Amino acid sequence: MTTHPDLPEAAREHAPAPNQRKFVLAALASYAAALLGIIAFNVTVDPFAIAGTGLFSTAVESDRGAKLTLMEELTTGPEILILGSSRARLAQPDQLKRLTGHSAFNAAVGGGTAADAWVMTRFLSDRFPNQQRGYLWFVDLGVATNGVNPQLAGDRRAQRYLSGRQGRFGLEDVGTYLSSSASSASY
């Protein structure tokens, strides 16, 4: 054991041995390498279409533009707007009409986030500005992201409602791509 003459005797007894320091450094380096490997794999595969690599097909469908096109074709505004991710796409406007007596439009998209809901809401409100409507929003974990899907950011109709980093992969997306759901979707 290496002794340090400038340390008091009690501190020398409790100081970690050089091999303990090497072990801790090796463990931290291994952990960092594993995290970097996971993020590199998930960004390369890009299952949620956030990074925009385009090397593989994504786990989310490109239905944002289709929903905006369908909204453009509406002759009257719906009284209920359905928002959310792919789980919400199962909500049937005809069933809501039968249950509530109000017309509905399903604007839910695969991998839907708060940005998608914002754009769909604003777009429909601008199309039919004097109409009051209710909102049925199916919320899951994906809505809590602050990223903007590149497919949404790339649509000229959506760009006026978005600001900031519009579709660029950033530090705030790292957590999303370190998640087990991203790794599962990538695999």
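**Exercise 1. Find which backbone oxygen the side chain of R64 reaches, and describe the surroundings of R64.**

Solution. The side chain of R64 comes to 3.3 Å from the backbone oxygen of G111. This is a polar contact, that is, a pair of N or O atoms within 3.5 Å; within protein, one must be able to donate a hydrogen and the other to accept it, and residues adjacent in sequence count only if both atoms are side-chain atoms. The model is predicted: local features need pLDDT of at least 70, side-chain atom pairs count only at pLDDT 80 or more, and totals for chains, interfaces and linings use all residues. Residues are numbered from 1 along each chain as its sequence is written, and side-chain values use heavy atoms, with hydrogens and water left out.

Helices (H or I, at least four residues) and strands (E, at least two) are DSSP runs, numbered from the N terminus.

Then check burial. R64 is buried because its relative accessible area is 1%; buried means under 20%, exposed over 50%, and partly exposed in between (1.4 Å probe, protein chains only).

Last, list neighbours. Leaving out residues up to four places away in sequence, R64 touches V109, G110, G111, G112, D116, M120, N149, Q151 and L152. Contact here means heavy atoms within 4.5 Å.

**Exercise 2. Describe helix α2, its buried residues and what follows the helix.**

Solution. Helix α2 has 28 residues and spans 40 Å from its first C-alpha to its last, close to the expected 40 Å. The expected span is 1.5 Å times one less than the number of residues.

The buried residues of α2 are I39, N42, V43 and V45. They pack against α8 and α9, the latter being residues 180–186.

After α2 comes D46, with a positive phi near 55°.

**Exercise 3. Which residues form the nonpolar patch on the surface, and which helix gives the most to the patch?**

Solution. The patch consists of Y31, L35, I38 and L178, with about 330 Å² of accessible area together. Helix α2 (residues 18–45) gives the most, with 3 residues. L178 lies in helix α8, residues 174–178. L178 counts as partly exposed because its relative accessibility is 32%.

Technical notes:
Patches are made of residues with over 30% relative accessible area and no salt bridge: like charges are joined within 9 Å, nonpolar side chains (Val, Leu, Ile, Met, Phe, Trp, Tyr) within 5 Å. Accessible areas come from the Shrake-Rupley method with a 1.4 Å probe; for residues, only the protein chains shown count as cover. A salt bridge is a side-chain nitrogen of Lys or Arg within 4 Å of a carboxyl oxygen of Asp or Glu.
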